[in-house]
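The exercises below concern the disulfides of a predicted model. Work through each task with the structure at hand before reading the solution.

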Amino acid sequence: MNNTFDIYATNNSYRYDIQGIRAIGAMLVLVFHIWFQKVSGGVDVFFVVSGYLMTGILLRQYAKDKKLKVLQFWANIVKRVAPPAYVVLVATLILSYFFIPPVYWVATIHEFVFSAANLENLLLMRREVDYLQSGDPASPFQQYWALSIQVQFYAFIPFLIAPLLYMSSKTKSLKPLIMGVFIVICGSFIYSVVSTIATPSTAYFNPLGRVWEFLAGSMVAIMLPYVKLSKSLALMLSLVGLIVLFSVGLVIPRSWNFPGYVALLPVSAAVFLIISGSRIESKSIVNNFLTNKYLVMLGAMSFTIYLWHWPILVFFQNYYETVNLGFIKGLFIILLGIALAIITTSLIERPFRKIPKNKTWLAFATGFVFFIPSVTLGLSAKYYFENLHDVDPVFDNDLFYGSRVYIQDDASDLDYRYVTAVSRDLSETMKRENNCATEITDSDIVICEFGDTTSENIIALVGGSHVGQWEPLFSDLANQYEFKLVTILKHSCSLGYEIVENNETCEVWNNNIVDFIDDINPDVVVTNSTRSNRPRENRLVANDPIEYVPAGYVEKWQAITTLGIPVIGIRDNPWFESDPSYCIWKNRQEASQCARPIEEVLLPKNPVDAYINELPLFISIDFTEMICSEELCPAYFDERLMWSDTHHLTRSYLEYTTPRLKELLERQTSFFNNFEH
């Protein structure tokens, strides 16, 4: 066994060039976040270096003590990571109160809590598949996804390495260790490639698709003592590594998804640089560059620089209301991030690093000293802000009996609590805790019932969130006319699958929906009749018109009406370019600035009119006059915010306008008059 592992005990020289590699990774992240808004590969470098360093620690520990001291390993990480991470976290939360609009406070607090628990990557995975949150701006805590994955790896790596080391020691061969790590690398890499192609927005934050990057560094730590490079080969590897590393962000198009096979480039670059730098007896020009004292200094603080740069960037973007900050502001963000990192490292990080390795309990106690207050603060704030929606705002008028919506400017009476809770101002069917809609990743049909649930008269509300938002109106009708309202909804999916939805579960759901409707045999199906498009720069298909009737919709109407079931189609509502409630809060004296010109979001004539004569049992409903005036589509009306996000009407607004919506419904169809009171 000694011949197998003793080589790791002697391989303990400090690698200044590693700090240089980390510094380059950090600077690439900063530059491409600030000026290019794209992935640079810098975070992938962090992962490789972390895998290399952590595995090296475990190998040296095993070589010295013939066992792994896992608690000591974790304690050493805690004392280094927890103090600066939680200081930046709490400072960011405090500053968010001044720089983040109330509209986003709930989401911001939520991310604070998950970041404190080192689960931010999992939250971002969930948010990316949450149709109602996927359009939210970046939070000031989003950078903690990378730290969360690192912590998850640190928790995992001893459980992978320990049994492999045991088998290697028994066989007096490194083959079990090398093969075991290699198998996990291959499995994770294949998973990363497949998931990046299938679900790129979630694959980016998925630890299963990232573990191969860490283990690439682990493999280097295992193999490096046995690697002998000539001076020329070391120089060639280092030059290739440096060129590739600097080229990733410049050459790779923004449309290419990470991690997947694209991450091979920065991972390979980091591996080449680590391997080539091990030949310390003959320094090359690249090694001299990486061991420059200024680069080494930045590398020693790279973790803290990374943590600080993101909230500063987000605060600047919110303050100046743009992501394009220019060179001077961007340079100031970098300098400020470095300055704060120097202060944090000197006052917070270094003192706790001095805790002796054998004082495991003290290191863990340090972690709890930072963790417990942070989580307590976050959970308290989360409870407070998430329950603001339960405090009903006081309005002068309870119900609207006018003829149509019109433009208003004075929103000065808006209460911050109302604005904060607007994202929760949803119909009962759209609140995720009610489980009234099929999730975006599922295809099972889910229903909820409202009104007189014992009635044999059934109205089915079928489709996605744009029809689900009308539940308050139809629930009111169900109570008035004593029928049962059944909602059959799926997030990010309409009745009538379209290729642009890019969601296999939506297609499966649609394949089963007509048979399900036939089984419950409703008196009428209510759904959307048109598709309004998001702003042109965010459209799934760039040349799509601003409003149209998808062929998939018509196909499903024909299938349903063939069963003898009438279909009521509601014209879709418009999309806003950015959060309209945020805009109202900023322009409370001139709320009209937040309205969208109607010609930008809707056609002059409802496009579904062309299909009415083709489908005798199809009824077209248009509520546009309660969403838009003749020229503009406002975001605020009679003390109420109209939109919970960029494209969903608030429950409070729909409840307020219910009398007029009923009038419009009765004017356009006499269907509901068939029910007995």
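**Exercise 1.** Determine the handedness of the disulfide of Cys 583 and Cys 594, and work out where its two ends lie.

*Solution.* Begin with the torsion about the S-S bond of Cys 583 and Cys 594, which is about -90°, so this disulfide is left-handed. The sulfur atoms of Cys 583 and Cys 594 are 2.1 Å apart, which lies within the 2.5 Å cut-off for a disulfide.

**Exercise 2.** Decide whether Cys 583 and Cys 594 are buried or exposed.

*Solution.* The cut-off needed here is that a buried residue has under 20% relative accessible area. Cys 583, with a relative accessible area of 17%, is therefore buried, and Cys 594, at 5% relative accessibility, also counts as buried.

**Exercise 3.** Describe the disulfide of Cys 493 and Cys 506, including its handedness.

*Solution.* The S to S distance between Cys 493 and Cys 506 is 2.0 Å, and with 80° about the S-S bond the link is right-handed. Distant parts of the chain are linked here, since Cys 493 is in the loop between β4 (484–490) and α21 (504–520) while Cys 506 is in helix α21, 13 residues apart. Both Cys 493 and Cys 506 are buried.

**Exercise 4.** How many disulfides does the structure hold, and what is their pairing in sequence order?

*Solution.* The structure holds four disulfides; when the bonded cysteines of the protein chain are numbered in sequence order, the pairing reads 1-2, 3-4, 5-6, 7-8.

Key. Residues are numbered from 1 along each chain as its sequence is written. This is a predicted model: local features need pLDDT of at least 70, side-chain atom pairs count only at pLDDT 80 or more; totals for chains, interfaces and linings use all residues. Side-chain values use heavy atoms; hydrogens and water are left out. Helices (H or I, at least four residues) and strands (E, at least two) are DSSP runs, numbered from the N terminus. Buried means under 20% relative accessible area, exposed over 50%, partly exposed in between (1.4 Å probe, protein chains only).
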